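Here's a quick briefing for anyone opening this structure for the first time. Have a look at the sequence and the 3D view, then work through the points below.

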Amino acid sequence: MLPCLNEAAALPWVLERIPEGWRAVVVDNGSDDGSPEIARELGATVVREERRGFGAACHAGLMAAEADLVAFCDCDATLDPRELTRLAEPVRDGAADLVLARRRPVVRGAWPVHARAGNRALSRMVRRRTGYALHDLGPLRTAWRKALLDLELTDRRSGYPLQMVVRAADAGWRVVERDVDYLPRSGRSKVTGTWRGTWHAVRDMRAVLR
C-alpha cells in the first residue's frame, strides 16, 4: 500500500522496485500532478481516497488490498520497496507479527534534523507506553492483513502508524525492527519536510498516546 499525494516524480522509481510477487496499491489522496495516471500506466492498482490524511490513505489501501501478507511504504522514493521481501520474512516465518523499518540515512540531509528530533521524542514515549525497544516509527512495515483489520484502527491522520503499534502492543503482538537505508526524498515532504508538518505529526501521535 503506497499512500500518494503528488508523487509523479518518484512513482516510476518506486514502482519499478516492487519485488516480484508483490502487487502495488497506490492510494491517491487528492493529487493534481498526474500521479494516478502514472501509477496506472506502470501497472499499479489505483484507489482514490477523498478524505485527506496519511491514515485515511493507508487504511483505504488496507481495505482495498487482497493479499494475506501486506506492507505499507511511502511513495516518495526515500525507501526502497526491494526491502519488502526481507522485512516480510519474520512475519511469513511466524517469528514476528509486525516488522517496522528503522530508517538509517545514507547521506547528510536525507532526514531533516527537526524530523529526527520529533521521531526520537515519540520513540521514547512509545517505548514507555508499549515496552517495545523501538527507535523509529517509520512508514515501511509489514504484517498480516486480517490481523491489522482486527486492530480496528480509527486514526486517519498522522497518528495512524503509532496507533497501529500501540494497539499491537495491547494485543500482545511481537513487534521487531529491521534497519533499512533512508534516501533523500523526491520532491517536498507533506509531513516532515517542514517544522509545521513535523509539529502536526507529533501532535497527532501524542493524541494517540493520550
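Sorted by class, the residues lining the second largest pocket come out as 16 nonpolar, two polar and three charged. Keep in mind as you read on that this is a predicted model. That pocket holds about 380 Å³ of space.

**The second largest pocket**

- There are 21 lining residues here, and the closest to the pocket's centre are Trp 22, Arg 23, Ala 24, Val 25 and Ala 67.
- Two elements give two or more residues each to this lining: S4 and helix H4 (84-92).
- S4 has the largest share of the lining, with four residues.

**Strand S4 and its sheet**

- S4 sits in an open sheet of four strands, and the order is S4-S6-S5-S7.
- The pairing in this sheet is mixed.
- At the edges you'll find strand S4 (69-72) and strand S7 (175-182), each of which pairs on one side only.
- On average, neighbouring strands of the sheet are turned by 20 degrees against each other, if you ignore direction.
- Leu 69 and Ala 71 point one way from S4, while Val 70 and Phe 72 point the other way.
- Are those four residues buried or exposed? All of them are buried.
- S4 and strand S6 (residues 141-144) run antiparallel and are joined by four bridges.
- For Val 70, the bridge partner in S6 is Ala 143.
- Over at S7, the neighbour is strand S5 (residues 98-105): the two run parallel, with eight bridges between them.
- Arg 103 has Val 180 in S7 as its bridge partner.

**The cavity**

- How many cavities of 30 Å³ or more does the structure hold? The structure has one.
- The largest cavity has about 40 Å³ of space in it.
- Its lining is made up of Phe 54, Cys 58, Phe 72, Pro 139, Arg 141, Tyr 160, Pro 161 and Met 164.
- Phe 72 is a link back to the sheet, as this cavity-lining residue is also one of the buried residues of S4.
- H7 gives the most, with three residues.

**Helix H7**

- Nine of the 11 residues of H7 are buried, so this helix is largely enclosed by the rest of the structure.
- The buried set is Tyr 160, Pro 161, Leu 162, Gln 163, Met 164, Val 165, Val 166, Ala 168 and Ala 169.
- Three names in that set, Tyr 160, Pro 161 and Met 164, also turn up in the lining of the largest cavity.
- After H7 comes Gly 172, which has a positive phi, near 80 degrees.

**Helix H5**

- How does the length of H5 fit with its residue count? At 1.5 Å a residue, the 18 residues of helix H5 (residues 113-130) should span 26 Å, and the end C-alpha atoms are 25 Å apart, which agrees.
- The buried residues in H5 are His 114, Ala 115, Gly 118, Asn 119, Leu 122, Ser 123, Met 125, Val 126 and Thr 130.
- Just after H5, Gly 131 takes a positive phi of about 85 degrees.

Key: Residues are numbered from 1 along each chain as its sequence is written. This is a predicted model: local features need pLDDT of at least 70, side-chain atom pairs count only at pLDDT 80 or more; totals for chains, interfaces and linings use all residues. Side-chain values use heavy atoms; hydrogens and water are left out. On a 1 Å grid over the protein atoms alone, a cavity is a set of points where a 1.4 Å probe fits but cannot get out, and a pocket is an open set with protein on both sides within 12 Å along at least five of seven lines; lining residues have an atom within 4 Å of a point. Grid points are joined across faces, edges and corners, and a volume is the space filled by probe spheres set on the points. The expected span of a helix is 1.5 Å times one less than its number of residues. Buried means under 20% relative accessible area, exposed over 50%, partly exposed in between (1.4 Å probe, protein chains only). Two strands pair if DSSP finds at least two bridges between them. Axes are lines fitted to C-alpha atoms, for helices over the stretch in contact, and angles run from 0 to 180 degrees between N-to-C directions. Ala, Val, Leu, Ile, Met, Phe, Trp, Tyr, Cys and Pro count as nonpolar, Asp, Glu, Lys and Arg as charged, and the others, Gly among them, as polar.
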